Amino acid sequence: RLRESLVPSTTQSLSIYFTIESSKITDKNMENIKFLAEAIKASAKNRVFTITGYADEQTGSAEYNMQLSKRRAEAVYNALLEQGVDADKLKVEYKGDTEQPFKGRPYMNRVAVVR
């Protein structure tokens with residue numbers, strides 16, 4: 001019973017943080033992705049999860065940040081596929097620096113959010 005309570009809710013979001021100008025997933029974040037992959041695989045068959053990439057507006061040009069956020073979202077997408085998640089359960093979006101999910105904390109906007 002305790003083990004069941006450790007399974008993440010599929011209605012929660014998970015943030016995967018990246019270092020500045022990077023789309024490389026750290027070992028620490030890979031553990032979070034493995035955990036999320038299990039939740040996605042256990043979710044309802046028709047449930048689709050959206051991976052949205054972002055970039056910090058305080059670094060890089062708008063064009064560069066759009067490409068960086070795309071690489072971040074795709075890195076998380078590919079990592080989830082490698083963990084056995086069905087591609088039909090995933091959708092990829094990227095916002096560059098047009099949206100800042102963590103206003104006032106620019107270092108946190110180097111992120112891909114899975115909902």
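## Strand β1 and Ser15

Strands, like helices, are DSSP runs numbered from the N terminus, a strand being a run of E of at least two residues. In this predicted model, Ser15 lies in strand β1. The relative accessibility of Ser15 is 17%, and Ser15 therefore counts as buried, the cut-off being under 20%. Leaving out residues up to four places away in sequence, Ser15 touches Phe102, Val111, Ala112 and Val113.

## Overall architecture

The chain contains three helices and four strands. Read from the N terminus, these elements follow the order α-β-α-β-α-β-β.

Of the 115 residues in the chain, 39% are buried. Among contacts between residues at least 6 apart in sequence, 79% join residues at least 24 apart.

## Helix α2 and its surroundings

Helix α2 comprises residues 27-42. With 16 residues at 1.5 Å a residue, α2 should span 22 Å, and the 23 Å between its end C-alpha atoms agrees with this.

The buried residues of α2 are Asn29, Met30, Ile33, Leu36, Ala37, Ala39 and Ile40. The elements that cover these buried residues include the strands β1 (14-17), β2 (49-53), β3 (90-94) and β4 (111-114), together with helix α3.

## Packing of α2 against α3

Two packed helices are described by the angle between their axes and by the distance between those axes. For α2 and α3 (residues 62-82), the axes come within 9 Å and cross at roughly 60 degrees. That angle makes α2 oblique to α3. The crossing of the two helices is right-handed.

On the α2 side, the contact involves Met30, Ile33, Leu36, Ala37 and Ile40, which meet Val76, Ala79 and Leu80 of α3. By class, this contact of α2 with α3 has eight nonpolar residues, no polar residues and no charged residues. Met30, Ile33, Leu36, Ala37 and Ile40 are also among the buried residues of α2.

## Tyr54 in the β2-α3 loop

Tyr54 is located in the loop between β2 and α3. Its relative accessibility is 6%, and Tyr54 therefore counts as buried.

Tyr54 and Lys95 are 41 residues apart along the chain, while their C-alpha atoms are separated by 5.4 Å. Lys95 is also one of the residues in contact with Tyr54 when neighbours within four places in sequence are set aside. The other contacts of Tyr54 include Ser69, Arg72, Gly96, Glu99, Pro101 and Asn109, as well as Arg110, Val111, Val113 and Arg115. Val111 and Val113 are likewise touched by Ser15.

Key:
Residues numbered from 1 in each chain as written. Predicted model: local features only at pLDDT ≥ 70, side-chain atom pairs only at ≥ 80, totals over all residues. Heavy atoms only, no water. Axes fitted to C-alpha atoms, helices over the stretch in contact; angles between N-to-C directions. Parallel < 35°, antiparallel > 145°, perpendicular 65-115°, else oblique. Left-handed = near helix turned anticlockwise from the far one by under 90°. Contact = heavy atoms within 4.5 Å. Nonpolar A, V, L, I, M, F, W, Y, C, P; charged D, E, K, R; others polar. Expected span 1.5 Å × (residues − 1). Buried < 20%, exposed > 50% of the residue type's maximum accessible area, 1.4 Å probe, protein only.
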